[in-house]
Amino acid sequence: MIGRIYRLIDAKRIEMKQREIKCSDDSVLVKPSYMAICAADQRYYLGKRKKEIMREKLPMALIHEATGTVLHDYGGQLENGKKVVLVPLEAAEGKEKANYRTNSKFASSGNDGFMRDMFALPRNRVIPVKNDSVVYVFSEILSVALSAISVFESTRRTNPNAFGVWGDGSMGFVMCLALRCKYPDAKIYSFGKTVRKSRKFSFVTKTVYIDNVPPDLVVDHAFECVGDAGSEIAIRQILKLILPQGTISLLGVNEDAVLVNTRKILEKGLIIIGNSRSDEADFREAVKLIQENELCKKYLRILISEIIEVKTEDDIYHAFDQDVLNDFKTVIKWAL
Amino acid sequence: MIYAGILAAGIGTRMHRQDMPKQFLPLGEKPILIHTLEQFIVNQKIEKILIIVPDEWKLYAEDMLLQYDFMGKEYVVISGGVNKTESIGTSVDYIDEMWQIKENDILIAHDAIRPFITQRLIDEHIETVKKYGAANTAMVTNDAILVSKNGTLLDEVPNHQHLYAEQTPQSYSLVKLKEFLKKIKDRGVPLHNENELPRLWLKEKYEMRLVRGEYFNMKIINPYDLEVAEALLKERSA
């Protein structure tokens, strides 16, 4: 089967290559339906990764958040036309959680991502869903939030009564939503700095502007979803507002090292957890949550800033350029 | 019902180094025809595939096709005519005889020797025919086109802006195509004298819309094309 792959070869330069797709009895041939652009994809696209990283990883197809349609299951388990969520993690053997195994590979981070006209995936990397709803494209970002909650749950030492989520972008939104679904009675405070973005967080207890925090506000646990330069400021504020014995879950990606006041961590006896990506089980939980929780599905829908149909290579550039202007998620309707 | 008609009835005299039609020659690990067929096999909207081959190669084609996975898609091998136009006419007759042409039936006719066809092209053809009744595939040309009646004297240099290279698929509403073929048959126009069905189509005042082609949707006609096609596929495997 001849397939096409659209790889980033340099900042803002995408090149199409054609090649034969190899399939086995364990393969499912899929065609992407919807893709969501992640900040990590955008960092590669704009050339914001360090030069040596760009040299090492490119050429590489971007996109790790995607849904697809089954064209053929060589093992005969999934029917043609079935809608699926695509799992970007290629898990290596090991005892650790699959997303933290050294040899595991991840689409659009070292391995080619999903920006192709069709491709074969092992069956355990496609998760069937009930319909073609666009919100399943957020299964990946939701799975990362659920993975963070799952680790938090197994680590926490104090009650989960009040959460603080720092970051008013897409990850912050999904983190708040996942917490709302998992802890319906808890207080969830969203910390942000942009009024128009914070408005979308209608389901939280309160949106708090980082430069205008009520003096008596404290949280039991914190989730940092800021990343980049802002993460240092966020962590500083978390250390101030979090109660002793609390847990800080880090999810924001930063290219550079940040300063952290370790004295505060020691004084309060805090636990800090790093979170990166998610595994197949997290994906299955995310899909289940979307399928079973109508509110979750509805709120995920408003995460979309724009849906752009991609029918030509120029449309890919347009989607990435437009994404920079969008506050939340840019979704690609893939028709190449 | 949406039918694909894979036009594989050419004899391929320009591929000197081989003694079989070019659509049966290997490109990478599979015959060119198989690469082309696979794109139609995986397309969910295509329901039946007609493979139109030279009569003398029909048995060979049937044997060869048995070795490949059609993923449950129904196909039939039929003998074609002397050119593309006649092969399309033969396909229409066959479809009507076997399954009776119905209101929304569509035929997507594609050259077997264009293995780089994309799902986008197939899908856009289907949508265009549903709306407008007929579609052809066009690509802007990089070269200016010259017209010379005797090959030595330049007669005309048409405006480059209005020139496109024709590729396939060519797609038709089967009801319209059947009606058109009857009209020209009644008038005694022989199909074997016309290589370009769209030319006749326009003469009869039928509308045909254009779908944007792809530069890489190339036709493998001579050894050079085959080398280019092989080079295009020499990427590491997916």
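Predicted model: local features only at pLDDT ≥ 70, side-chain atom pairs only at ≥ 80, totals over all residues.
Good morning, colleagues. I shall begin with the interface.

On the side of chain A, 26 residues are in contact with chain B, and 26 residues of chain B take part in return. The size of an interface is often given as the accessible area lost when the parts come together. By that account, chains A and B bury about 2300 Å² between them, and 53% of this area is on carbon and sulfur atoms. Which residues of chain A lose the most area to chain B? They are A:Met1, A:Ile2 and A:Gln18, which together make up 26% of what that side buries.

Let me turn to the polar part of this interface. The rule finds 12 residue pairs in polar contact across the interface of chain A and chain B, both residues having pLDDT 80 or more. Four strands of chain A, namely S1 (2-10), S2 (13-20), S3 (27-36) and S5 (65-73), each supply at least two residues of the side that touches chain B. The largest share comes from S2(A), with 5 residues. By residue class, the side of chain A that touches chain B divides into 11 nonpolar, 5 polar and 10 charged residues.

How many does the rule find between chain A and chain B? There are 4. A salt bridge links A:Lys31 with B:Asp123, and the closest N and O atoms of this pair are 3.0 Å apart.

I now come to the backbone. Most residues other than glycine have a negative phi, and most peptide bonds are trans.

Two cis peptide bonds may be pointed out. In chain A, the bond from A:Leu58 to A:Pro59 is cis, with omega near 0 degrees. A:Pro59 itself lies in the loop between helix H2 (51-57) and strand S4 (60-61) of chain A. In chain B, the bond joining B:Thr168 and B:Pro169 is cis, with omega about 10 degrees. Here B:Pro169 is part of a strand, S8 (residues 164-173) of chain B.

As for phi, A:Lys12 is not a glycine, yet its phi is positive, at about 60 degrees. A:Lys12 sits in the loop between S1 and S2 of chain A, and with a relative accessibility of 38% it counts as partly exposed. In chain B, B:Gln100 likewise is not a glycine and has a positive phi of about 60 degrees. B:Gln100 is in the loop between helix H3 (84-99) and strand S6 (106-111) of chain B, and its relative accessible area of 47% makes it partly exposed.

Next, one helix of chain A. Helix H3 (residues 139-155) of chain A has 17 residues and spans 24 Å from its first C-alpha to its last, close to the 24 Å expected at 1.5 Å a residue. Is H3(A) largely enclosed or largely open? Of its 17 residues, 13 are buried, so the helix is largely enclosed by the rest of the structure.

Side chains of opposite charge can pair when their charged atoms come close. Over all chains, the rule counts 35 salt bridges.

A:Glu15 is partly exposed at 34% relative accessible area, and A:Lys17 is partly exposed at 31%.

A further pair is A:Asp26 and A:Arg123, at 3.5 Å, N to O.

By contrast, A:Arg284 and A:Glu280 form a salt bridge within one helix, with the closest N and O atoms 3.0 Å apart. The two residues are 4 apart in helix H8 (residues 280-292) of chain A, and therefore separated by about one helical turn. A:Arg284, at 36% relative accessibility, is partly exposed, and A:Glu280, at 29%, is partly exposed too.

Last, salt bridges that share partners join A:Lys311, B:Arg120, B:Glu124, B:Arg212 and B:Glu214 into one network. Thank you for your attention.

Terms used: Residues numbered from 1 in each chain as written. Chains lettered and ligands numbered in written order. Heavy atoms only, no water. Contact = heavy atoms within 4.5 Å. Buried area = accessible area lost by both parts, 1.4 Å probe. Salt bridge = Lys/Arg side-chain N within 4 Å of Asp/Glu carboxyl O. Polar contact = N/O pair within 3.5 Å; in protein donor to acceptor, adjacent residues only side chain to side chain. Nonpolar A, V, L, I, M, F, W, Y, C, P; charged D, E, K, R; others polar. Buried < 20%, exposed > 50% of the residue type's maximum accessible area, 1.4 Å probe, protein only. Expected span 1.5 Å × (residues − 1).
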